[in-house]
Amino acid sequence: MRTATLARWIGTLLIAAFLSWPAAPQEASHYTRFRDAKWYALQLQSLREELAKIDTDVRTLAEARKSGKGITDAVALAQEPEGVTTEGQMEVLRKRRAVLLRQIDALEEQSRHNAIVPGELRREYGPEEPETSSVRKLNREEKDVQTALAQEKEHLDHARKEAEVLRRDQKLKVQQEYSNPEPRSRRNNQSELVGIGTHLVEKEGEVKEAEQKVADLEDRLEDLKRNSPASATETDAVTGEPANDSDHDERNEAYWRKQFAAIDYKITTAQTELDILQRELNVGSVQYYPNPSTAMKESVTWREINEHRKAIEEQKKEIAELKKQRDALEDALRHAGGPAGWAR
């Protein structure tokens, strides 16, 4: 009897000690967009707005076809004939609509997987107001992440443009291959097509990797903003930061090489784009037919041809302007007393 009483007493002490023991500190919850209802709502809001616009455009085109308004038997040679590409435009819109619906379904499924309340996805958010320096200053770690994010976004933009140019180049090469009257045994473009395809796969992989890095950095920056003290002091925000670009050493080789590498990249990219545009124009001019039914089948119209001509002229102007900027940069390098080799 005494043993049972002693056991109950010890048990009571153990329970009391357990309840009074301080809880283990929980790890701070880090921000991720995949658990953020607002992020899902904003993505869905943008997709649904584009979907609504497509539905409106499709209804407008369908009404135009039904009423016959704007359709004519005559074909103007200086402009795109009205009504020629109506079916083609509706087909493009339908394909884009199907893509948007798949993206909406994928986001909703992902939100359910991450336990987001469905009602939160239907909320509408207005444009976010930019963060002002009077409210809160970024600390050093936030500034570092922000700088890395800007650099990665620039890298992503370059990779996307290069991938798009490769896709267009591949399409032109394929068209050239199929229209080649020579027998396959005498052609030598297959290896070139294989090389472009391999490069395109690598570039698309680079785009996906850069997109993931951008997303991770954006989440990291948001996490730092949410978990940092509400009022960072000006000392915290400034201490340890490098000097502004205006204070750079004008005789620094790395600075000048970076400037010339950036402008040379823009010139090379613009020249590649111009080459693609000219080749696309040549193909489009050959494929265009004045007969409306044939033009609809070929999906090439005067509008596309004229848009390519306009784009070519704009691209030539852009290249000329970029070359002027490079000349001005060379002049600045000479005035700074830097060696000419830094421009190469």
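Here are my questions, each with its reply.

Me: Before we start, what kind of model is this?
Reply: Residues are numbered from 1 along each chain as its sequence is written, and side-chain values use heavy atoms, with hydrogens and water left out. Local features need pLDDT of at least 70, side-chain atom pairs count only at pLDDT 80 or more, and totals for chains, interfaces and linings use all residues, because this model is predicted.

Me: How many helices and strands are there?
Reply: Helices (H or I, at least four residues) and strands (E, at least two) are DSSP runs numbered from the N terminus. Read from that end, the elements run α-α-α-α-α-α-α-α-α-α. The count is zero strands and 10 helices.

Me: What share of the residues is buried?
Reply: Buried means under 20% relative accessible area, exposed means over 50%, and partly exposed lies in between (1.4 Å probe, protein chains only). Of the 344 residues in the protein, the buried share is 27%.

Me: Is the aromatic pair of tryptophan 39 and tyrosine 40 stacked or edge-to-face?
Reply: Rings of Phe, Tyr and Trp (its six-membered ring) pair if their centres lie within 6.5 Å; planes under 30 degrees apart are stacked, over 60 edge-to-face and the rest tilted. The whole structure holds three aromatic pairs. For tryptophan 39 and tyrosine 40, the centres are 5.1 Å apart and the planes are at 75°, which is edge-to-face.

Me: Of these two, which residue has a relative accessible area of 0%?
Reply: Both residues are on the list of buried residues of H2. Tryptophan 39 has a relative accessible area of 19%, so it is buried. The value of 0% belongs to tyrosine 40.

Me: What is the angle between the ring planes of tyrosine 255 and tryptophan 256?
Reply: Tyrosine 255 is partly exposed at 27%, while tryptophan 256 is buried at 4%. Their ring centres are 5.2 Å apart, and the pair is edge-to-face because the planes are at 75°.

Me: Is lysine 203 buried or exposed?
Reply: Lysine 203 is in helix H6 (residues 190-227). Contact means heavy atoms within 4.5 Å, and, not counting residues up to four places away in sequence, lysine 203 touches Ala159, Glu162, Ala163 and Leu166. Its relative accessibility is 9%, so lysine 203 is buried.

Me: How far is the C-alpha atom of arginine 220 from that of histidine 30?
Reply: Arginine 220 is also in helix H6 and is partly exposed at 31%. Histidine 30 is 190 residues away along the chain, yet the C-alpha separation is 8.3 Å.
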